[in-house]
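User: I am new to this structure and would like to understand the words used to describe it. Please set each value against its definition as we go.

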Amino acid sequence: MELYKEILVEVLSRERAEVRFPGLEMDAEKMVETVCYRALCRIRDIIQDDSLSDKECFHKIGEIICTLEALGSDGGARHDFG
């Protein structure tokens, strides 16, 4: 079955593809704005928590990086927040 999938992927990769979402009522810009707004709210909530110590603040930064990663972004080469 694996060979079948490999052959199918190869053949289809040479073809023109068209993706449609007939029930989608939001354009791409609105979708991105919505996701970004939610991420900003999450980041704001993380950094506004004054009850945490400096050590815990470091972990807040890690949470922000994880929030960006959940959106498909990353922490770059300096991501060592575990």
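User: Why is Phe 21 called exposed?

Analyst: Phe 21 has a relative accessibility of 58%, and because exposed means over 50% relative accessible area, buried under 20% and partly exposed in between, with a 1.4 Å probe and protein chains only, Phe 21 counts as exposed. Phe 21 sits in the loop between α1 and α2, the latter covering 28–47, where helices (H or I, at least four residues) and strands (E, at least two) are DSSP runs numbered from the N terminus. This is a predicted model, in which local features need pLDDT of at least 70 and side-chain atom pairs count only at pLDDT 80 or more, while totals for chains, interfaces and linings use all residues. Residues are numbered from 1 along each chain as its sequence is written, and side-chain values use heavy atoms, with hydrogens and water left out.

User: What makes Val 19, Phe 21, Leu 24, Met 26 and Met 31 a nonpolar patch?

Analyst: A patch is made of residues with over 30% relative accessible area and no salt bridge, like charges being joined within 9 Å and nonpolar side chains (Val, Leu, Ile, Met, Phe, Trp, Tyr) within 5 Å. Val 19, Phe 21, Leu 24, Met 26 and Met 31 form such a nonpolar patch on the surface, and together they have about 490 Å² of accessible area, a value from the Shrake-Rupley method with a 1.4 Å probe, for which only the protein chains shown count as cover for residues.

User: How do you know that Lys 5 and Glu 2 meet in a salt bridge?

Analyst: A salt bridge is a side-chain nitrogen of Lys or Arg within 4 Å of a carboxyl oxygen of Asp or Glu, and for Lys 5 and Glu 2 the N to O distance is 3.9 Å. Both residues lie in helix α1 (residues 2–13), 3 residues apart, which is about one turn of the helix. Lys 5 counts as partly exposed at 45% relative accessibility, and Glu 2 is also partly exposed, at 49%.

User: Why are α2 and α3 called roughly antiparallel?

Analyst: The axes of α2 and helix α3 (residues 54–70) come within 9 Å and cross at roughly 175 degrees. That makes α2 roughly antiparallel to α3, because angles over 145 degrees count as roughly antiparallel, under 35 as roughly parallel, 65 to 115 as roughly perpendicular and the rest as oblique. The axes are lines fitted to C-alpha atoms, for helices over the stretch in contact, and the angles run from 0 to 180 degrees between N-to-C directions.

User: What makes Lys 60 buried, and which residues does Lys 60 touch?

Analyst: Lys 60, found in helix α3, has a relative accessible area of 5% and is therefore buried. Not counting residues up to four places away in sequence, Lys 60 touches Ile 46, Ile 47, Gln 48, Asp 49, Asp 50 and Leu 52, where contact means heavy atoms within 4.5 Å.
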